[in-house]
Amino acid sequence: MAERSRAREREERDREREREREREREEREREATQRGREQERAPRVRLDMPRAPRRRLLPEYDPDAFGRLSEEIARFLGTGRFIVWMTCVIVVWITWNVAMPSPLRFDPYPFIFLTLALSLQASYAAPLILLAQNRQDDRDRVNLEQDRKRNERNIADTEYLTREIATLRMGLGEVATRDWIRSELQEMLREMERRGALDGDGSGPARSREPGTGGVPGGRDESPSSAGRGERA
């Protein structure tokens with residue numbers, strides 16, 4: 001009986017623990033849902049996140065694409081082909097509305113519709129040409145800036161090279177060249193030849209005096225023949 005009561009107590013404790021865990025889970029889920037709702041209602045502004053794009057009333061367009069299109073139109077308007085086509089259209093327009101019978105004329109004299117079309121064409125062509133010129137000016141400005149930087153870099157390189165060449169010349173001025181070594185060797189040979197000639201001139205008389213004096217300094221001759229002659233005398 002005691003074991004059964006203990007087992008029942010253990011089961012009740014386990015059930016209570018499971019209930020507490022379920023309650024804690026439910027409370028956590030409720031807190032998470034409440035936090036999500038609060039974040040949705042009042043979103044936090046963060047500096048490390050970009051802003052969402054705002055809706056604009058005006059239509060959006062790519063300025064680069066529009067600029068390229070304007071350049072192409074301006075380039076076509078400045079060609080002889082456009083002038084020829086426009087002249088042909090105007091001539092056909094006028095001849096049709098003058099030569100054809102009145103029921104077939106869609107723009108009789110004074111050609112108001114033709115004037116309106118030409119004025120519209122001129123009003124659109126002028127800003128397109130100005131836009132193309134502005135883009136060309138921007139490109140020219142960028143090219144000039146790049147050319148200026150390139151010229152400055154080239155000038156700095158040339159100055160550096162001139163300084164290096166000057167230092168090399170100064171260093172080469174102190175280096176012994178082949179011609180300088182040859183001239184020095186020739187001078188040394190000349191000096192040696194002069195000294196040898198002087199030595200030869202100085203030793204010639206000394207050798208001629210040695211047989212008479214017997215090779216003894218002071219002019220004395222200590223040979224046996226001279227000694228015998230002295231005794232006889």
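Begin by selecting Trp96, Leu104, Phe106, Phe113, Leu116, Leu120 and Tyr124, which in this predicted model form a nonpolar patch on the surface with about 770 Å² of accessible area together. The element that gives the most to this patch is α4, with four residues. Pick out Leu116, which has its place in helix α4 and is partly exposed, with a relative accessible area of 46%.

Next, select residues 63-77, which make up helix α2, a helix of 15 residues that reaches 21 Å from its first C-alpha to its last, close to the 21 Å expected at 1.5 Å a residue. Colour Gly67, Ser70, Glu71, Ala74 and Leu77, the buried residues of α2. Because these residues cover an arc of only 125° around the axis, they lie on the same side of α2. They pack against α3 (80-99) and α4 (112-173), whereas Glu72 and Arg75, on the other side of α2, are exposed.

Which residue forms a salt bridge with Glu71? Show Arg135 as well, and you will find the closest N and O atoms of the pair 2.9 Å apart. This pair links distant parts of the chain, since Glu71 is in helix α2 and Arg135 in helix α4, 64 residues apart. Glu71 counts as buried because its relative accessibility is 11%, under the 20% cut-off.

Finally, move along α4 to Arg148 and Glu145, three residues apart, about one turn of the helix. These two form a salt bridge whose closest N and O atoms are 2.3 Å apart.

Technical notes: Residues are numbered from 1 along each chain as its sequence is written. This is a predicted model: local features need pLDDT of at least 70, side-chain atom pairs count only at pLDDT 80 or more; totals for chains, interfaces and linings use all residues. Side-chain values use heavy atoms; hydrogens and water are left out. Helices (H or I, at least four residues) and strands (E, at least two) are DSSP runs, numbered from the N terminus. The expected span of a helix is 1.5 Å times one less than its number of residues. Buried means under 20% relative accessible area, exposed over 50%, partly exposed in between (1.4 Å probe, protein chains only). The arc is that of the directions from the helix axis to the C-beta atoms. Contact means heavy atoms within 4.5 Å. Patches are made of residues with over 30% relative accessible area and no salt bridge: like charges are joined within 9 Å, nonpolar side chains (Val, Leu, Ile, Met, Phe, Trp, Tyr) within 5 Å. Accessible areas come from the Shrake-Rupley method with a 1.4 Å probe; for residues, only the protein chains shown count as cover. A salt bridge is a side-chain nitrogen of Lys or Arg within 4 Å of a carboxyl oxygen of Asp or Glu.
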